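Here are some notes to read alongside the model, for anyone opening it for the first time.

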Amino acid sequence: MIVGLVFLLVGNPVPAENVAIIHAGTLITPVDGALESTKSRTIVIVGDKVARVEDGFPTPGELGFEDSSSATLIDLKDSYVLPGLIDGHVHLTALPVGNRRLGFVVFSDADRAILGAAAAKRTLLAGFTTVRDLGARGPDSIYALRDGISRGDVAGPRILASGQTITPTGGHIDRSTGFRHGLFEFFTPSGVCDGAAECTKAVRRQIRDSAEAIKLTSTGGVLSAATAGVGQQFTSAELESIVDTAHSLGRRVAAHAHGLDGINAALDAGADSIEHGTFLDESSILRFRESGAFLVPTLLAGDTISRWAELEDSPLPAAQKEKALVVGPQMLMATRKAHEAGIRIALGSDSGMDGHGKNCGEFGLLVEAGLSNEEALLASLVNAAENLGMADQIGRIQEGYYADVIATSTDPTEDIDALCSIEMVIKGGVAHLSQRD
């Protein structure tokens, strides 16, 4: 039973003076790096933050609120209540692969912002209250979406945006690759650079445009039209200029890297996370340990491209299909190797290739790679929050943290698939209907 339905209208923020009280049957939240599960807990939300967590199910009056009518009571006594999930690698304005190439020349940034709004809502209703968007065709679309969500104009997760990806000429994410010469002369990507000086400037452009993180392509990628494979593309000097510039301006760096040479070069340059990490080996593991960088495996992406590559009517062109058949299956093996070595793994789904709102599929694949259910959850809470530089704001239900809360009817520490059946989502004190509603 939920009292106070006005609070549940999607997108209506709770006035700062108002209070929401959640009666949680079982509260599951990180404590000192591990998940702690406690019965019969009450979460008190004031504005967009958790004010405190109490034992039992006290009434508003017992909690000290004399005017109980101003407190919204949310009854989740029969549910498992957790912090909002975090996905550190999404592309909210991206089209599914089958439509992607045509979309580059058909859709404007305004179109992509509208498409992104729908994707953002699906992502939020899937239980992901914070995401990091690692690359948009033009910066306007993702920044407009991020800011619109922040203002409450549209429903979606809290977004950290990287703007355009930093990539070399002809490299992965240089969208002119594979199209006829001159087609993109009207559009000059601000993230394409060659040489240390140009790359420094490219990073500064992203931050000028309000990027909160920097994404670079250390190696080739599966879904680029280039046939150069998935080895290192930037020089070590270029990588160092990108990372040093980003760090000097207070931005964390995520490095797309499949090939071993590009993984190690990005880690040597000081990247904060390696996205994919497909062909890592013992030399990479040593570098991960020394630097403390995160691995973001994006197993959902690997699983998706593997399935597509095997279809007779595959949506992948020949060059992409060839790479997918090699890279896809290897990603699971790399994650298993990294986990066995104790490398810190943060969740990132690379959502956008096959639609949005399916991010939960990453959990099952992490478990398949050897993580326990608890470890997979921590990858999307403690590790993901630290990977985004927000460990003191999100990833747990605790006083002073954002009031990001999800609820399920099944214990996800026992059944990880419970995270694909979210009953309720509360982001920053705003409650939303679930996917099933």
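1. Let's begin in a sheet: Ser273 sits opposite Phe294, a residue of strand 11. Keep in mind throughout that this is a predicted model. Strand 10 and strand 11 run parallel and are joined by three bridges.

2. What is the order of its strands? It reads 8-9-10-11, an open sheet of four strands with parallel pairing. Strand 8 and strand 11 are the edge strands, and each has a single partner, so one side of each has no neighbour in the sheet. From one strand to the next the twist averages 25°.

3. A helix lies on this sheet too. Helix 5 (residues 236–248) packs there, touching strand 8 and strand 9, and its direction makes about 175° with that of strand 8.

4. The side chains of Arg252 and Asp272 meet at 4.0 Å, N to O. Arg252 belongs to strand 9 (residues 252–257), while Asp272 is in the loop between helix 6 (260–269) and strand 10 (273–276), so the pair links distant parts of the chain, 20 residues apart. Are the two partners buried or exposed? Arg252 is partly exposed at 27% relative accessibility, whereas Asp272, at 15%, is buried.

5. Next, have a look at helix 3 (residues 139–151). Its 13 residues reach 18 Å from first C-alpha to last, close to the 18 Å expected at 1.5 Å a residue. Buried residues in helix 3 include Ile142, Tyr143, Leu145, Arg146 and Ile149. In an α-helix there are 3.6 residues a turn, so residues three or four places apart point the same way. What do the buried residues of helix 3 pack against? The list is helix 2 (109–125), strand 6 (128–133), strand 7 (158–161), helix 4 (196–208) and strand 13 (424–427).

6. The end of helix 3 deserves a click as well. Arg151 is exposed, at 59% relative accessibility, and its side chain meets that of Asp153 in a salt bridge of 2.8 Å, N to O. Just after the helix comes Gly152, with a positive phi of about 90°.

7. Back inside helix 3, Arg146 is buried and also belongs to a network of salt bridges with Asp147 and Glu212. How many salt bridges turn up in the whole structure? A search finds twelve.

8. Another of these salt bridges joins the side chains of Asp209 and Arg208, 3.3 Å from N to O. Arg208 is exposed, with a relative accessible area of 61%, and Asp209 is partly exposed at 24%.

9. Most residues other than glycine have a negative phi. Ser210, though not a glycine, has a positive phi of about 95°; Ser210 is in the loop between helix 4 and strand 8 (213–217) and is partly exposed, with a relative accessible area of 28%. Thr298 also has a positive phi, near 50°. Thr298 falls in the loop between strand 11 (294–296) and helix 8 (299–309), and at 0% relative accessibility Thr298 is buried.

10. Cys193 and Cys199 make one of them, with sulfur atoms 2.4 Å apart. The angle about that S-S bond is 95°, and the link of Cys193 and Cys199 is right-handed. Both of these cysteines are buried.

11. Cys360 and Cys420 are also joined, S to S 2.1 Å. Why is this disulfide right-handed? The torsion about the S-S bond of Cys360 and Cys420 is about 110°, so the disulfide counts as right-handed. Cys360 is in the loop between helix 9 (318–340) and helix 10 (361–368), and Cys420 in the loop between strand 12 (405–408) and strand 13, so the pair ties together parts 60 residues apart in sequence. Cys360 is buried, with a relative accessible area of 13%, while Cys420 is partly exposed at 33%.

Key:
Residues numbered from 1 in each chain as written. Predicted model: local features only at pLDDT ≥ 70, side-chain atom pairs only at ≥ 80, totals over all residues. Heavy atoms only, no water. Helix = DSSP H or I, 4+ residues; strand = E, 2+ residues; numbered from the N terminus. Expected span 1.5 Å × (residues − 1). Buried < 20%, exposed > 50% of the residue type's maximum accessible area, 1.4 Å probe, protein only. Contact = heavy atoms within 4.5 Å. Disulfide = S-S within 2.5 Å. Pairing = 2+ DSSP bridges. Axes fitted to C-alpha atoms, helices over the stretch in contact; angles between N-to-C directions.
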